[in-house]
Each structure stands twice: as structure tokens, then as C-alpha cells.
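Okay, thanks for having me.

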Amino acid sequence: MKIISYILSPIFVLVFFLFLIIFHPLQWLSLKLFGHKAHDAVVAALNFCLIKSMLIIGVPIRLVNKYKIPENTSVIFVSNHQSTFDIPPIGWFFRKQHPKFVAKIELGKGIPSVSFNLRNGGAALINRKDPKQAISELVNFSKRINQNKWGAIIFPEGTRSRNGTPKKFAINGLKVITKYNKEGYIVPLTINNSWKVFKYGKFPLGIGSPITITTHEPIKINSLSFEELVEKTEKVIKEHIK
């Protein structure tokens, strides 16, 4: 399988980055000419293409969702984090909630399509070395989520798990977002197998390991104390990691 991966990986990387380059000017045009709704639609199309490009390395991505995602309210998707490839499927599968990510500030520059979307699409770009900036950015982000009834995406582990083993959740970001969205919901997500794309390191890529995203029962934010909310969310996410 690793020998095959040496053949397929360059093809996948080329196709993946071609999509990023092609959709960069499309994002700019849609935002400038037609506004945020059109921009969201272009970003959703980009995420769909990125998901399908994963098939080149034999990695289908599947959503398992037995619950109705709340509508016309803010929704906070809380997920474990295993790789870069967690992000496009969340953006695509939950596009009706207009998902906006909490991301490190470094991602706001230098990456075609991705950086433009983070800077202009409503995301929160956090400077981990500047707590004052981070809190201010999260407060403004949380208010945008509440006002527009968008979805927020946060990975409380703070960084990717290299082997699938979950890290302890950091709660500060989630605490700020829930403070300004008490009438909204938390939707826990469990991601499995995306870490295996990098099981050999950065190259070649791991092939033939399907990625699954499992949605858990939505939790009304004001139905529990914050401590109980975090405990319940973290428990359900982690107990479904395989």
C-alpha cells in the first residue's frame, strides 16, 4: 500500500491545491459582487471538491447523523481534531448552518482560498501568544455567531492528534462562545481515522482509510451549567473515538 501511495500522493496533492487556487478568485468575485451568501455558496462548493479529491487516495468521507441539527439559532460544533482534512467535510456537511471556524492567526495568510475565507468569511483568527487579542477576537466572533444564527466550529484540543488519541480539552474558547450564545446549542462531533492520512508523516499519504464524522445529540446551552456542559460534551466525543 505504501508503494501505491508514493504514486497517488503527488496526484492528490496537485489536484487538492489546484482546487484551492481555482476557488481563490471565485471567492473574491462572489464576495465583492454578490455578498456573503454567494461567498458561502462558493466556499461550500470548494469544500465539496476537496472532499471528492480525497477519493484519489482511496479515502471516502462519511457523515453519520441520527439527529436533527437545530435551525434558526446559533449552533456550536465541538469536535476532536485529527488532521487538516477534518475541516472541508465539516464545512460541507453542515453548510446549512454557515459554519465559521476558530483558527490560529497564522492561517490567515499565505494559503490560497483558505486564508481568504478565514479573513473574510466570519471566522475567528486567534493569536495564541496574545491572550488579550484572543479573548477580544472570540468575543466579537461569538456576537457575530449569535447575531447571524451561524454555526461555530471549535476544536478544544487546540491542536491535532497525531495518532488519534484525544488530548484534554481546553475550555476557555468554548466558555466565551457559550457565554454569548446561551439560547443556542452545542453539537458534539467525533472524527475517526483522519489522522491515518498522515500515518507515514507528511509524505507519502496514508491511503484507503475512510474518514467518519459522527454527530451526537444537540445540547441546549442553557440547560446545564458550563462545567456540566463541557463534561458531557467531552465525554460523548471521546467515547466514540475508535
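So, helix α1 has a kink of about 35° at Leu-8, shortly before the proline Pro-10. That bend is the angle between axes fitted to the seven residues ending at a position and the seven starting there. Quick caveats: this is a predicted model, where local features need pLDDT of at least 70, side-chain atom pairs count only at pLDDT 80 or more, and totals for chains, interfaces and linings use all residues. Residues are numbered from 1 along each chain as its sequence is written, and side-chain values use heavy atoms, with hydrogens and water left out.

Back to α1: it has 33 residues and reaches 45 Å from first C-alpha to last, close to the 48 Å expected at 1.5 Å a residue. The expected span is 1.5 Å times one less than the number of residues. Helices here are DSSP runs of H or I, at least four residues, and strands are runs of E, at least two, numbered from the N terminus.

What does UniProt say? The unreviewed entry annotates "transmembrane region" over residues 7-29 and 41-64; such annotations may be inferred rather than shown by experiment, and positions are in the numbering used here, with feature names shortened. Residues 7-29 are 100% helix and 0% strand, with end C-alpha atoms 35 Å apart. Residues 41-64, though, come out at 54% helix and 17% strand, with their ends 23 Å apart.

Asn-193, in the loop between β6 and β7, has a positive phi near 85°.
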